[in-house]
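This report describes parts of a protein model, one topic at a time. Please keep the sequence and the structure in view while reading.

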Amino acid sequence: MERSGNADLKHLKPQIAPFREEMILNMGPQHPSTHGVLNFLIVTDGEVIHQALPNVGYLHRGFEKLAEQTPYTTFIPYTDRIDYLAAMFGNHAYVLAVEKLAEIEVPGRAEFLRVIVCELNRIASHLISTGALALDIGATTPFVHWIRERECINDIMEAICGARLTYNYMRIGGVSRDINESIADQILKFLDHFEPMIDEYNRLISFNEIFIKRLANVAVISQIDAVNFGLVGPNLRGSGIEMDIRKIMPYSVYDRFDFDVPFGEGFKGTLGDSYDRYFVRILEIKESCSIVRQALSKLPKGNIKAKVKRKLKIKENECYSSVESARGEMGMYLVSDGTDKPYRLKIKTGSFTAMSIVEKVSQRLMVADLIAFIGSLDVVAPEIDR
Amino acid sequence: MKDYADILFEYLFKTSIESSPFSLAWYILFIFLVAGVLLFFAANFAGITSFIERRIAARIQSRVGPNVVGPQGVLQWVADGIKLLLKEDLIPGRADRFLFRAAPYFVFSGLFAAFVALPFGYGIVAADLNIGIYYIFAITSLVVVGIIMGGWSSNSKWAMFGAFRSAAQIISYEIPTALSLIPVIMLTGSLSTQDIIIAQGGMPWDWYIFHSPFTLACFIIFFISALAEGNRIPFDLPEAESELVSGYNTEYSGFRFLVFPMAEWANLWVISAMVTLTYLGGWQIPFVSLETISGSPFLILISVGIFFVKTSIVVFIVIQLRWTLPRVRVDQMTLLCWTYLVPISLVAIVGTMVWMLVFPWDGTPGLLIRLLMSGIGAAACLFYIKRIRFNYLNDKLLFERLKGKPSWYPFWRLP
């Protein structure tokens, strides 16, 4: 076996020291359940993993550099591609940063519309996440049912902004299109249909004995580890830490809604195991449904877009703004230099920090558990690499 | 029961087979004929089941399924088979070519040889071996040899993982499978598949499953371990497409690959027929005695039909389980076998022995217990149907609320 010829191993080799009878297993980048192009180098002597190193960077597209060469207003479509399963949050984080820097007031209706689409998108993203986790465990049916529900959300998104996956909906100072009565009806109808479906889904898979056996007490992340490794979002809350950007640093109009932040409490096993991270997402779906309902009922009338100059120039300044994306805190650090392009944009995403904990937690796991663990972290390859 | 070959020979040539000089040639011809019939049945069953499974899976997952090739897609399996036949037969660069080519033969012969001893109706069995059950166990173990050969020779780590998992799985689960059939063998006093069915009766309380709580436990153990031996979810660890890419058959393509899924679906029949013949009364017709069946070709056909229906119901349950349950982990799989299934089946063997002494088959208390047990079985079936109905009505309501149109449509207008 010519291990030295492997380009992946070259820079990771100092970290890997296989003993006799151990072998290096290359999981990915073309593996059915690494959720995109993601590579793991696993040192194993059979089913038990001795060491697993995530090898990221297969999907690096250089968005941060692209931002430096693109005017402020035209960078929004790129932010869709940061995390294609939750494209609205990329939009939202970026426009929030620009608005903060340029001191633009956003109309109330636009803020509410942003909340509605973001929460719908959070539901859609969590549907994929929880369904794909079941798929990784081997149950194919739940995923297909969740895809069907997500299709309804895609239809709604298509009606709102014309796109089904990469929305490009938000604009600096507002949103691109308004919603009308029939779309509001469509959303409410979907929620009426969907909320009982969560219970049915729980009956199908969440409380399935084999499913619980596969996830409970597997890949436990302690509270201290979760904080030290910089986990965010549902992964952090799965470890029992009640941290949600929507609550602690309310942006947009999130302070006007009444919602809970579900966090892990060892639902079926230890605090911070894979099942907690999974079930926190299921509970979050319910909360998002309630936020959408509240936002629709409180939706004010008015403009959907503030007056913003077509060629936006921002004086020398810097700011950091973050949103609670479906995968945790998505932050944008924006530096302007007085031209119409950013001087620097740094994007912070949840999936990247989640990858850092894989090496620590995956020791002594089984190969099948690693799959469940990655699934429960809900990483999306483009969001890791940007 | 007289040998069918002898009867046919005498009918065709009007002479006794003992006095004929062509008897050896006749027997060889007959062997090939029977083998051809069995292979035809098994291959077609495997193909049709693949189509039916995909349609059932589609209904479970609320999608359409294959519906393009032929009316309602019934020829999809033929198209798939032809496609795989025309595919390039690829052997990986540094594979062990000889073992790589040999592996599908082992898988194929291991499974299809099991059909020899499987009964299909009264007197309809290729060879009524006096060690029938034992033979089926022995010959299906050959499959794992093929799987290990295929996985090892592919020169792929994922295939090797699949092969070793399969070895661990089949070695573990052969034991509870065999142990859980010992009560049946004790009750019958024979290993022959036909004798086992003849010893049971047509009505549910005459089946071995409801003989005692111990045989019921053995039935459940046998069903679980048969699932494990057939590599079906929740025990499809050797394939485990989300963990091991495709397990032992990762590197196979074309016709060599086709053998593996075909064997898997043929195995579905073997599992279900074994369950039916050992615990569910086989081809026994209610209220009809054996002597009446043997005299009437029509009743023999009915018995074939009953066996087919019972087996198909078990096949359906296996398919439904596959599309409902997640997969267990490899250590949980062996743990389940060695800490639960083997001890329970050992206890059940002793329990059945005592039960046979205390409550004889024909005694009044024995009959009463059997009636009670079949009542419990009926209640379980009713509960199963009720749950399905509950979920169906729930979904129907939600669908109609969302789309504003009825969710039911006649089956001949399936999309």
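## The sheet β1-β2-β3 of chain A

Three strands of chain A form an open sheet in the order β1-β2-β3, with antiparallel pairing. β1 and β3 of chain A stand at the edges with a single partner strand each, so one side of each is left without a neighbour in the sheet. From one strand to the next, the twist averages 20°. Strands (E, at least two residues) and helices (H or I, at least four residues) are DSSP runs, numbered from the N terminus. Two strands count as paired if DSSP finds at least two bridges between them. Axes are lines fitted to C-alpha atoms, for helices over the stretch in contact, and angles run from 0 to 180 degrees between N-to-C directions.

The model is predicted: local features need pLDDT of at least 70, side-chain atom pairs count only at pLDDT 80 or more, and totals for chains, interfaces and linings use all residues. Residues are numbered from 1 along each chain as its sequence is written, while chains are lettered from A and ligands numbered from 1 in the order in which they are written.

## Pairing within this sheet

β1(A) and β2(A) pair in the antiparallel sense over five bridges. A:I24 stands opposite A:V43 in β2(A), and A:M23 has A:T44 of β2(A) as its bridge partner. Strand β2 (residues 39-44) of chain A is also joined to strand β3 (residues 49-55) of chain A, by six bridges, and these two run antiparallel. Here A:F40 has A:P54 in β3(A) as its bridge partner.

β2(A) and β3(A) form a hairpin with four residues between them. In the turn, A:G46 has a positive phi of about 155°. Is β2(A) mostly covered or mostly uncovered? It is mostly covered, since five of the six residues of β2(A) are buried. A residue is buried if 20 or more other C-beta atoms lie within 10 Å of its own, exposed if 12 or fewer do, and partly exposed in between; C-beta atoms are placed from the backbone.

## The sheet β6-β7-β8 of chain A

Another open sheet of three strands in chain A has the order β6-β7-β8, again with antiparallel pairing. Its edges are β6 (317-325) and β8 (342-348) of chain A, each with a single partner strand, so one side of each is left without a neighbour in the sheet. The twist averages 15° from one strand to the next.

Nine bridges join β6(A) to the antiparallel strand β7 (residues 328-336) of chain A. A:V323 stands opposite A:M330 in β7(A). Helix α4 (residues 87-102) of chain A lies across β6 and β7 of chain A and runs at about 150° to β6(A).

## Where chain A touches chain B

How many residues of chain A are in contact with chain B? There are 33 residues of chain A in contact with 26 residues of chain B. Two residues are in contact if their C-beta atoms, placed from the backbone, lie within 7 Å. α7(A) gives the most to the side of chain A that touches chain B, with six residues.

By class, that side of chain A has 16 nonpolar, eight polar and nine charged residues. Ala, Val, Leu, Ile, Met, Phe, Trp, Tyr, Cys and Pro count as nonpolar, Asp, Glu, Lys and Arg as charged, and the others, Gly among them, as polar.

## Domains of chain B

Chain B is divided into domain 1 (1-80), domain 2 (87-352) and domain 3 (359-415), with bounds from an automatic or database domain assignment. The C-alpha centres of domain 1 and domain 2 of chain B lie 19 Å apart. Their contact takes 14 residues from domain 1 of chain B and 13 residues from domain 2 of chain B. On the side of domain 1 of chain B that touches domain 2 of chain B, eleven residues are nonpolar, two polar and one charged.

## Two residues of chain B

Leaving aside its neighbours within four places in sequence, B:A266 is in contact with B:A42, B:F45, B:A46, B:L111 and B:F112.

B:I220 lies in helix α9 (residues 213-229) of chain B. B:I220 is partly exposed, with 17 other C-beta atoms within 10 Å. The C-alpha atoms of B:I220 and B:I209 are separated by 9.2 Å, and the two residues are eleven residues apart along the chain.
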